[in-house]
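Welcome, and please load the model in your viewer.

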Amino acid sequence: MAAKSVIFRHYERALAQWPVDALRPQISFQNVMRRRIEKQLGPASAKDASYDPSKESKDTLVTPLKPYDEKAEMEQVNALYSLLENRYAKQVGRRTI
């Protein structure tokens with residue numbers, strides 16, 4: 001359970017630093033990710049209490065959650081951090097073609 005809280009804190013830290021999309025302010029990546037994280041990492045009671053099927057759009061695809069996998073979650077957190085830190089652009093800038 002301690003690993004989940006560490007991963008949750010990493011997600012929260014990364015999402016707090018994530019920039020707001022000026023072109024699509026009505027669609028928030030942070031909110032979408034937080035809902036996913038709460039469903040995956042949150043306590044069972046929070047999952048059940050927060051879900052209201054009447055609020056779901058008929059066009060919304062509902063994908064079942066996979067069983068919790070600590071390694072996969074850490075890879076996801078690392079991917080968020082790498083995008084925030086712009087690691088990929090820095091790597092491309094070092095290469096000469």
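What follows is a tour that begins with the whole chain and then moves through selected residues.

**Before you start**

This is a predicted model, in which local features need pLDDT of at least 70 and side-chain atom pairs count only at pLDDT 80 or more, while totals for chains, interfaces and linings use all residues. Residues are numbered from 1 along each chain as its sequence is written, and side-chain values use heavy atoms, with hydrogens and water left out.

**Stop 1: the whole chain**

Show the chain as a cartoon. There are 5 helices and 0 strands, in the order α-α-α-α-α along the sequence. Helices here are DSSP runs of H or I with at least four residues, strands are runs of E with at least two, and numbering starts from the N terminus. Of the 97 residues, 18% count as buried; buried means under 20% relative accessible area, exposed means over 50%, and partly exposed is in between, with a 1.4 Å probe and protein chains only. Contact means heavy atoms within 4.5 Å. Among contacts between residues at least 6 apart in sequence, 70% join residues at least 24 apart.

**Stop 2: the nonpolar core**

Select I7, Y11, A14, L15, W18, M33, I37, L41, V77, L80 and Y81: these 11 residues make up the largest nonpolar core. Such a core is a set of buried Ala, Val, Leu, Ile, Met, Phe, Trp, Tyr and Cys residues joined through side-chain atoms within 4.5 Å. Which helices each supply at least two residues of this core? They are helix 1 (2–17), helix 2 (29–41) and helix 4 (70–84). Helix 1 gives the largest share, 4 residues. In soluble globular proteins, nonpolar side chains tend to be buried together.

**Stop 3: along helix 4**

Now colour helix 4 on its own. Its 15 residues should span 21 Å at 1.5 Å a residue, and the end C-alpha atoms are 21 Å apart, which agrees; the expected span is 1.5 Å times one less than the number of residues. At the start of helix 4, look for a side-chain oxygen of D69 that reaches to within 3.3 Å of the backbone nitrogen of K71. The buried residues of this helix are E73, V77, L80, Y81 and S82.

Pick L80 in helix 4. L80 has a relative accessible area of 7%, so it counts as buried. Leaving out residues up to four places away in sequence, L80 touches Y11, A14, W18, F29 and M33.

Is S82 buried or exposed? S82 is buried, at 2% relative accessible area. Its side chain reaches the backbone oxygen of A79 at 2.7 Å, and a polar contact of 3.0 Å joins the side chains of S82 and Y88. A polar contact is a pair of N or O atoms within 3.5 Å; within protein, one must be able to donate a hydrogen and the other to accept it, and residues adjacent in sequence count only if both atoms are side-chain atoms.

**Stop 4**

Centre on N86, in the loop between helix 4 and helix 5 (87–94). N86 has a positive phi, near 60 degrees, in a residue other than glycine. Most residues other than glycine have a negative phi. At 43% relative accessible area, N86 is partly exposed.

**Stop 5: rings and a charge**

Show W18 and F29, a tilted aromatic pair with 4.8 Å centre to centre and 35 degrees between the planes. Rings of Phe, Tyr and Trp (its six-membered ring) pair if their centres lie within 6.5 Å; planes under 30 degrees apart are stacked, over 60 edge-to-face, and the rest tilted. W18 lies in the loop between helix 1 and helix 2 and F29 in helix 2, so the pair ties together parts 11 residues apart in sequence. F29 is partly exposed, at 33% relative accessibility.

Finish with K4, which lies over the face of Y68 at 4.7 Å from the ring centre. The rule for a charge over a ring is NZ of Lys or CZ of Arg within 6 Å of the ring centre and within 35 degrees of the ring normal.
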